[in-house]
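Happy to walk through this one with you. Here is the entry we will be asking about.

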2 protein chains.
Amino acid sequence: MVTISDIAAALGVTPSTVSRALSGSPRVKEETRLAVEQMAAALGYERNIVASNLRKGKSDIVGIIVPRIHREFFSNAIGGAESILNAAGYNVLICQTHEQFDAEVKALRTLRNNRVAGVLMSHAIGSMDGSHILEILGDRIPLVQFDRVFSELPGAKVINNNAEGAYQATKHLIEQGYRHIGTLAGYMNSEAYAARLDGYRKALMGSGLSVDESIVFYDTILRETGFDAAMKALEAGCDALYCAGDFCALGAIQAARSRGLRIPEDFGVVGTADESFTALMSPAMSSLALNPFEMGRQAARAFLTGEEGTVVVPMELKERESSCKTTNNNPTLYA
Amino acid sequence: MVTISDIAAALGVTPSTVSRALSGSPRVKEETRLAVEQMAAALGYERNIVASNLRKGKSDIVGIIVPRIHREFFSNAIGGAESILNAAGYNVLICQTHEQFDAEVKALRTLRNNRVAGVLMSHAIGSMDGSHILEILGDRIPLVQFDRVFSELPGAKVINNNAEGAYQATKHLIEQGYRHIGTLAGYMNSEAYAARLDGYRKALMGSGLSVDESIVFYDTILRETGFDAAMKALEAGCDALYCAGDFCALGAIQAARSRGLRIPEDFGVVGTADESFTALMSPAMSSLALNPFEMGRQAARAFLTGEEGTVVVPMELKERESSCKTTNNNPTLYA
DNA sequence: AATAAAAATACAAACGATTGTATTATTCAA
DNA sequence: TTGAATAATACAATCGTTTGTATTTTTATT
C-alpha cells in the first residue's frame, strides 16, 4: 500500500508537507499541493484512515447495538441512523445482542476497544439496568439510547410517546365497542413496555372501565407466548387485546381463530410496531406504528449535535380490519 | 485512556514486557504476567484495537455491502455472516448502496480506506459489471460475493441455484394445470435474475410448452412495476406468473384481484425470496425461498477459509395457496 | 542591499501498540 | 567458580498519519 512517505520520497519533500497538502492546509504552496495531488493520484494513494484516526484520537465509526438486526424496527432504525451518519462522514458498526445481557456486554466492550466515536443503542431485554453500559463506555464515548432506554443513564435518549400511543390504541378499542379489553404487556424491565401498559390503564380508567389484572399478561412478545396468553384471556371473557408487539398480536389473532371467533366482530386486536406483515395479512392488523426510521435519524442527530435531552417521536395508530368493528376506513389491501 | 505504558510505568517495566504479558507470550515470567494482569485490571486497561491493528497490519472489521439493510433477505444474510464472523473475532461494518452505483463505489472506498480485513458484498442493480470492485479493492482485500455476483471477478462466490429453483417453481405451476405462464424476470444485468429466467424457460420447454416472449417482463422487481407488468400479462391471456421477487409477485396478485380474478383458481403466482409477509398474507403466497441466513454463513466461512470456489446454496419452493389450484398441502396460517 | 516579516518546508515527536534485537539476570553443568 | 546456555527483560524501530516547533526560503520594506 502506498503511503504519504512514498509520495514524499517521489517528490523530494517530507511526509509532513504531503500530509498538509492533502488535507488542504494553508501552510503549503499551491504549486506543491498540485504536485502532491497529482503524484498521489499517479501512485494510487488512499489515506489510511486507521492510522489517521489513531493519531488524531478520533474515529469515523459509530457503533449501533440492537437486539436483532432482522427485526424490521431495528433494521429501519439503523437505516435512519445511517442516512444521517453517512452524510456526516461516519460509518456504522453493528452489533446484535439477541436480547442477551452477556452479548450486550461483549458488544459494548468491542465498541469501546475499537474506540468508536459514539454508541447508539437499544438495550437487550436481558439487561435489567444500565450500570454495565455506563461502566464500560465511561464518559469518553457518547451514548445515545433509542427506543429501549434506561432513563437513569446520562446522555441523549430517543423514545416513542409510548404512553400516549397505547392510550390512543386502547381508546380506539373502547370506541369500537369492545368492553373487556386485556393487554399483552411485554417486559416490565423495559420502560417502553411499562409506558404502554400505563397508557392502556389510563385509557380504561378514563372511560370509566376498570382494569382487570387477570387479563394483563406480562413477558409475552413472541407469537407463541402471545398465543398462549390470548387463550387464557379468551377463557377470562376478554373481547379485545391491546398488544405491545405485533408478533404476539399475531399469536392472539391465531388464538381467537382457533376458537372459531370472528375478527373483528367477536374479538379485536391492536398490535404495536406496524411490521410490514400487519398491513398485508388478512384480516389486516391494526397496529401502533413506531416510526423507527425517524427514531434512528433522531438518535444520529443527537449524537452529532451532542444534545443531551430526550427526543420524543410520535406514534401513529394504523386502524385496520382487526379492530374496526363498526367502521372500516382502512380496508385490507385485497378488499 | 490508560495504555500499556501506564501499566509499565506503574510496574517499573517496559511497555514491550507489558504487551507480551498481555498477549500471553512465553517470554515473560509467570510472576510478572500476573503482576501485569492485576495492574491492568486495577487501572481499568483495555487494549486499543485500532493501534494494535495498525501495528499488526491487520483488521478485525469485515465490511458488508448490500443494497438495502431493511430488505429481509439482506438483513438475514448479514445476520448469518455476523454469527460466523463474531465467533471468529471479527466485527461487521455495514454499508448500503440503495441499488446505486455511486454509493457502491463510495462504500468500497470507505471500506478500503478503513483497511477492512475483507469485504462481503451483493452488488447494486446499478452496477453493470464488477470492474470498479476489482479496481478499488485491489488484490489485497479479499472479496466474497454473495447472491448477486459478477462471475468474471476472482474470489469466492455464494449463490443460490437460481436456475434449478426457478425450474422447480415453473414446473410446479405447470403441474398445477396452468398453461400460459409468464414471468416477471427482474434485471438481466444480475446473473441471479438471468439464471432464474433460464430455469423458467427450461421448465416450459421441458414440458412441451412454448415460451411466449410477450409475457416475459424485465426490470420489474417492485410492487408497482410488478402490478403494471401483471396487468399487461393478464391482457395477453396469461394464467400464471413466476415472479423473480416477492414484492413484484405481490403486485401481480393485486393486479389479478383488481381484475376480479380468483387466486389460485383463475390465476397462479409464485414469488421469490420467501419474505415473511408471503406466509402471513391471504392468500398465502407461494415463494421460492433463498435461505439468506445460510448464504451469509457461507460467505463468512469462505472469507475465513480463503477458499475461492463457488458455493451453491439450494433454494426451496414453499408451496402455498397462491399457486395450488389442485392441492392445498400448505394452507394459510388462518385456514 | 540589508533586514525584518512572512511563507514554505523540514524535523521530530507523537498516537498506542507490536516485535526483532540487544542486554541483563538466572540457571546449570563441569 | 567460571562459562555457557537459557530465561527474562530492556531498547528501539515500526505501522501511517498528524502536528508543534525549528529551519530555510521567499517576499516586502526602507
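The questions below set computed values against their definitions.

This is a predicted model, in which local features need pLDDT of at least 70, side-chain atom pairs count only at pLDDT 80 or more, and totals for chains, interfaces and linings use all residues. Residues are numbered from 1 along each chain as its sequence is written, chains are lettered from A and ligands numbered from 1 in the order in which they are written, and side-chain values use heavy atoms, with hydrogens and water left out.

Q: What makes the relation of chain B to chain A that of a two-fold axis?
A: Copies are superposed by least squares on the C-alpha atoms of residues with pLDDT of at least 70 in both. A rotation of 180° with 0.0 Å of shift along its axis brings chain B onto chain A, with an RMSD of 0.1 Å. That is the relation of a two-fold axis.

Q: Which residue of chain B comes closest to the rotation axis?
A: B:Met281 does, with its C-alpha at 1.9 Å.

Q: How do you know that the copies meet through the same surface?
A: Of the interface residues of chain B, 100% are also interface residues in chain A, so the copies meet through the same surface.

Q: What makes the pair of B:Arg20 and DNA strand D a polar contact?
A: A polar contact is a pair of N or O atoms within 3.5 Å; within protein, one must be able to donate a hydrogen and the other to accept it, and residues adjacent in sequence count only if both atoms are side-chain atoms. A polar side-chain atom of B:Arg20 is 3.4 Å from a base nitrogen of DNA strand D.

Methods:
Contact = heavy atoms within 4.5 Å.
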